[in-house]
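Let's take a friendly walk through this structure together. Keep the sequence and the 3D view side by side as you read.

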Amino acid sequence: MTRAFIALGANLGDARVTLGWAMDQIAGLPGTQLTRRSSLYRSAPVGSSGPDYINAVVEVETMLAALPLLHALQAIEQAAGRKRPYHNAPRTLDLDILLYGDVRCETAELTLPHARMYERAFVLLPLAEIEPQLVLTGQLQAIQDQRVERLA
């Protein structure tokens with residue numbers, strides 16, 4: 001089993017309901033157990049437009065290799081109606097593998113750790129909530145000007 005962290009985000013439709021549904025779908029993946037989930041967070045779009053995003057991070061233990069996990073997450077996005085009309089378009093659902101064990105890779109299809117995770121408050125704050133030792137104080141200070149609100 002490999003421990004992985006997955007970021008979830010949505011800003012179209014009922015984003016809270018979609019994220020809950022997506023967490024259930026992730027928990028149902030073969031050989032995968034969802035072990036922890038962060039609170040939900042609201043954030044302004046970064047490099048995009050549209051309504052605010054609802055974001056979260058989950059931790060899983062999985063027997064899936066990194067690439068099959070990515071493909072399974074993309075299938076969940078498709079099932080939620082994800083369209084990719086242009087780069088950074090508003091989304092019904094966005095799922096990104098942030099960390100997959102200690103794996104480091106950079107291919108056309110998958111980069112681990114996620115290339116921009118340390119630049120995004122909507123990723124680092126929920127990640128720090130469930131696994132504080134993975135996020136350094138300096139990393140949190142670097143993103144403190146980004147508007148992110150933890151939801152009740």
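## The second largest pocket

By class, the lining of the second largest pocket has seven nonpolar, one polar and three charged residues. Here Ala, Val, Leu, Ile, Met, Phe, Trp, Tyr, Cys and Pro count as nonpolar, Asp, Glu, Lys and Arg as charged, and the others, Gly among them, as polar. This is a predicted model, in which local features need pLDDT of at least 70 and side-chain atom pairs count only at pLDDT 80 or more, while totals for chains, interfaces and linings use all residues. Residues are numbered from 1 along each chain as its sequence is written, and side-chain values use heavy atoms, with hydrogens and water left out.

You can find the lining by looking for R3, F5, L99, Y100, G101, D102, V103, R104, P113, Y118 and L134. The elements that give two or more residues to this lining are β1 and β5. The volume of the second largest pocket is about 220 Å³, a volume being the space filled by probe spheres set on grid points that are joined across faces, edges and corners. A pocket is an open set of points on a 1 Å grid over the protein atoms alone, where a 1.4 Å probe fits, with protein on both sides within 12 Å along at least five of seven lines; lining residues have an atom within 4 Å of a point.

## Helix α1

Helices (H or I, at least four residues) and strands (E, at least two) are DSSP runs, numbered from the N terminus. Helix α1 covers residues 15-27 and reaches 18 Å from its first C-alpha to its last, close to the 18 Å expected. The expected span is 1.5 Å times one less than the number of residues.

Which residues of α1 are buried? They are A15, T18, L19, A22, M23 and I26. They cover an arc of only 140 degrees around the axis, which puts them on the same side of α1; the arc is that of the directions from the helix axis to the C-beta atoms. On the other side of α1, V17 and D24 are exposed. Buried means under 20% relative accessible area, exposed over 50%, and partly exposed in between (1.4 Å probe, protein chains only).

## Helix α2

The buried residues of α2 are A66, L69, L70, A72, L73, I76 and E77. Their arc is only 165 degrees around the axis, which puts them on the same side of α2. Just after α2, G81 takes a positive phi of about 90 degrees.

## A loop residue

V46 sits in the loop between β3 (41-43) and β4, and V46 is partly exposed, with a relative accessible area of 37%.
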